[in-house]
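Have the sequence and the 3D view ready, and look up each residue as we get to it.

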Amino acid sequence: MKVKICGISNEIDTFNAINNGADLIGFVMGGKVLPIEVEPYAQNVRQIIKKLPKNVKSFLVTHLLSADDILALSQYINCTGIQVSEDIDEEEMKKVRKNFKGEIIKTIVSNYDDAEDKMKIYEKYCDYYLFDSRNSNYTGGTGVENDWEKTATLLAKTQKPCFIAGGLTPENVQTAINITNPFGVDVSTGVSHFSESYLKKDRKDLNKIKKFIELAKRN
């Protein structure tokens, strides 16, 4: 079972995740802003990625809609993969695929009626699907638990390796895995610690990371 720890914002949390068995690290960058506006954070991520072991994959997790912006940011931080969180225009997705040599994850919202249609649109452009939840017009990182039965139905309709996400925690990860039988699991909020002292920036809880990865990899 592959484990992706997402929403990483600093080097300490990065290596806490890696040292406890994380296979992929997700750095969330680029909402409705241009890469130059997130460059200070991108500089930090770029330095972290340089220190990663070769067996750990680094993913730019982005809500950007423009292929040019996505590619520019991915090139700057030199990540091994891109996770496209939004349902960007097919031509934009095609351009990302054509110009990026690493792996691509495409997020699909499990409980949307058009989830299967989205899968068909993006199938030729991605290496993995990630089935996630959506809340308040935001996909991923919401802490809202996904519908695992619907997710399992979608997984059964593709031959691509799939990650599951959406409200995963150490307490429910085994149940979600048993229902969906995914290639991997993805967690952010479920292993996070939030504090006003961090100005609402996400920090990870080491004990939650340890427990989550241990339980996920039992399968």
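Start with Cys162, which is buried, with a relative accessible area of 2%. Keep in mind that you're looking at a predicted model. What about Cys126, is that cysteine buried or exposed? Cys126 counts as buried too, because its relative accessibility is 3%, and the cut-off for buried is under 20%.

Cys126 is in no disulfide, and the nearest cysteine sulfur, that of Cys162, sits 8.6 Å away. Seen from the other end, the sulfur of Cys162 has Cys126 as its closest cysteine partner, but 8.6 Å is too far for a bond, because a disulfide needs the two sulfur atoms within 2.5 Å.

Now for links of another kind. Side chains of opposite charge can pair when their charged atoms come close. How many salt bridges does a search of the whole structure find? It finds 13, and a few of them are worth a visit.

First stop: Glu11 and Lys51, whose side chains meet in a salt bridge at 3.0 Å, N to O. This pair links distant parts of the chain, 40 residues apart: Glu11 belongs to helix 1 (residues 11–19), while Lys51 is in the loop between helix 2 (39–50) and strand 3 (57–62). Both ends are partly exposed, Glu11 with a relative accessible area of 35% and Lys51 at 46% relative accessibility.

Next, find Glu103 and Lys57, a salt bridge in which the closest N and O atoms are 2.9 Å apart. Glu103 is in strand 5 (residues 103–109) and Lys57 in strand 3, so this pair ties together parts that are 46 residues apart in sequence. Glu103 is partly exposed, with a relative accessible area of 22%, and Lys57 also counts as partly exposed, at 30% relative accessibility.

Then there's Asp68 with Lys95, another salt bridge, with 2.7 Å between the closest N and O atoms. Here helix 3 (residues 67–77) provides Asp68 and helix 4 (residues 90–99) provides Lys95, so parts 27 residues apart in sequence are tied together. Asp68 counts as partly exposed at 45% relative accessibility, and Lys95 is partly exposed with a relative accessible area of 33%.

Salt bridges can also be linked to one another here: Asp87, Lys106, Asp114 and Lys118 form a network of them.

The structure holds one cavity of 30 Å³ or more, and the largest cavity has about 40 Å³ of space. Which residues line the largest cavity? They are Asp87, Ile108, Val109, Tyr112, Asp114, Ala115 and Lys118, with Asp87, Asp114 and Lys118 also belonging to the salt-bridge network. Strand 5 and helix 5 (115–122) each supply at least two residues of this lining. By class, four of the lining residues are nonpolar, none is polar and three are charged.

Last stop: the second largest pocket, with about 160 Å³ of space. Its lining has 13 residues, and Ile49, Lys50, Ser58, Ile77 and Asn78 lie nearest the centre. Helix 2 and helix 3 each supply at least two residues of that lining, which by class has six nonpolar, four polar and three charged residues.

Terms used:
Residues are numbered from 1 along each chain as its sequence is written. This is a predicted model: local features need pLDDT of at least 70, side-chain atom pairs count only at pLDDT 80 or more; totals for chains, interfaces and linings use all residues. Side-chain values use heavy atoms; hydrogens and water are left out. A salt bridge is a side-chain nitrogen of Lys or Arg within 4 Å of a carboxyl oxygen of Asp or Glu. Helices (H or I, at least four residues) and strands (E, at least two) are DSSP runs, numbered from the N terminus. Buried means under 20% relative accessible area, exposed over 50%, partly exposed in between (1.4 Å probe, protein chains only). On a 1 Å grid over the protein atoms alone, a cavity is a set of points where a 1.4 Å probe fits but cannot get out, and a pocket is an open set with protein on both sides within 12 Å along at least five of seven lines; lining residues have an atom within 4 Å of a point. Grid points are joined across faces, edges and corners, and a volume is the space filled by probe spheres set on the points. Ala, Val, Leu, Ile, Met, Phe, Trp, Tyr, Cys and Pro count as nonpolar, Asp, Glu, Lys and Arg as charged, and the others, Gly among them, as polar.
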